[in-house]
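These are my notebook entries on one chain, kept in the order in which I looked things up.

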Amino acid sequence: TAAVAQNVAANPATQSAHGHKLYAHEEFGKYIDARDFGVNPANADNTAALKAALKAADDEGAALYLGAGTLKLHEQIRIGADVHDKSGKLIQEGYENVRAIFGAGAGETHLTFDWQQTEGERFYPRAKDDRFNPWNNRTNVNPYAAILIDGVNGKSVADLSLEYQHKTAEDFYQKTKSYFGLINGIIVNDADHTKIDTVEISGMNRAGVYFTSTLAESSGARDKLKTHQISEADAPTGDNNQLIYSNLHHNRVAGALVAFQKNFTADSNHLAWNGHEADGGTGYGISSMAGSYGFGITYSRNTTDHNYRKGLDIHDGNHITIENNTMELARSGRDTAPIYLEEKGQISTLRGSVKINHNALTLREASEGATEAIAMHGNAKTYDVGHNTFELHGNVHDRPVGRINGSSSSAKPH
């Protein structure tokens, strides 16, 4: 089940050897209460108090509880290794021993931030400058996230809401620039066994949650994999990460983006109204990203509703399982697909499997023209598609409800 923050007001504290008050949580174990360090929704700026609480949790190898109420972030919360300059001087503390960050519940603990991105627009579209090119997704957007899990394993973020508050309308939408945004709510980078659990995230101009690997991006691993210079076993990945019981809505590009993952699971999430009504070029419930790779991706028991591009999307991946999801669309736009897979860009040979079973799709109003309900383009060895139900009201543009297009020249899927 989803993590539920305990009533810490009645939870007795013990004194640690470091002199900190420690509390006990049934899932996260020992934790620090940020309120003991002066974190308070009434404060205009909690940065110093929050850093003190993070330092205490790091010293104790404990989780950090943020308490109820609205807290405005003025700086990113980063959980990772300390950063030093060339002389060895500490320039950023990483708090890598913090086990989890959790609140009193989504809607009860409300984190906001409003910093603006300083690059991106001038490099769009099809930028020659690799600092920002949304067509290959190799941009390092880590500095812009509200919470960054960076190169450390076994961390959790749970039981809180996170909202990006735009200073101007262009912070969220720019005409014809579907992928200009760099700002994500939570980034999980080069990390394994991470759990994002029962969070609500909205307003990001990129994605609510982004799982990625800068190591894979910087090493050119995807191109090396495609040309057989490295094997799947040698490719850098984030392993066994989870996104569960979360509500990701009204984000510009996607509720969640997934890149360079192995054995990734998205389960029991609500993914709704991502994208923008004036631009059908983006708007995904969850998407495994083009220009990356993925080995074992499972979408199960999720609900998608009125995402402007696609509900459950896979670009470049294998061993894909999409089961027991519910997709309810108020109105489907032209060139949309509730379930879309395209894994052909990774390697030209047949490999892996696709399983799409026991999903339910309802198109509630007259359609403006969905492409199809399930679209599959790729090189899987096997496709297992069955027991899906469709209630379609309106036009599917003379396309099949389900479609499989193979692209291998030497073998046929079955």
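**Aromatic cluster and confidence**

I first looked for ring pairs and found that they link Tyr23, Phe28, Tyr31, Tyr65 and Phe102 into a cluster; rings of Phe, Tyr and Trp (its six-membered ring) pair if their centres lie within 6.5 Å, with planes under 30 degrees apart counted as stacked, over 60 as edge-to-face and the rest as tilted. I note that this is a predicted model, in which local features need pLDDT of at least 70 and side-chain atom pairs count only at pLDDT 80 or more, while totals for chains, interfaces and linings use all residues. Residues are numbered from 1 along each chain as its sequence is written, and side-chain values use heavy atoms, with hydrogens and water left out.

I then checked the confidence: the chain averages a pLDDT of 85, and 83% of the residues score at least 70, pLDDT being the predictor's confidence in each residue, from 0 to 100. Residues 1–5 have pLDDT below 50, and beyond near neighbours in sequence this stretch has 20 contacts in the model, a contact meaning heavy atoms within 4.5 Å. Residues 121–132 also have pLDDT below 50, with 28 contacts beyond near neighbours in sequence. Where pLDDT is low, the predicted coordinates should not be read in detail.

**Ring pairs one by one**

I counted 11 aromatic pairs by the ring rule. Phenylalanine 28 and phenylalanine 102 form a tilted pair, 4.9 Å centre to centre with 40° between the planes. This pair links distant parts of the chain, since phenylalanine 28 is in the loop between β2 (21–25) and β3 (29–33) and phenylalanine 102 is in strand β9 (residues 100–102), 74 residues apart; helices (H or I, at least four residues) and strands (E, at least two) are DSSP runs, numbered from the N terminus. Both phenylalanine 28 and phenylalanine 102 are buried, where buried means under 20% relative accessible area, exposed over 50% and partly exposed in between (1.4 Å probe, protein chains only).

Tryptophan 273 and tyrosine 308 form an edge-to-face pair, 6.2 Å centre to centre with 70° between the planes.

I traced β2 and β3 next: they pair in the antiparallel sense over 3 bridges, two strands being paired if DSSP finds at least two bridges between them. They form a hairpin with 3 residues between them, and alanine 24 stands opposite lysine 30 in β3. On β3 I also found parallel pairing with strand β4 (residues 63–65), over 3 bridges, where the bridge partner of aspartate 33 is tyrosine 65 in β4.

**Single residues**

I looked up asparagine 142 in the loop between β10 (109–113) and β11 (147–150), and it counts as buried because its relative accessibility is 8%. Not counting residues up to four places away in sequence, asparagine 142 touches Gln76, Leu148, Asp150, Ile187, Asn189 and Thr214.

Aspartate 239 is in strand β16 (residues 238–239), and, not counting residues up to four places away in sequence, aspartate 239 touches Ala191, Asp192, His193 and Lys262.
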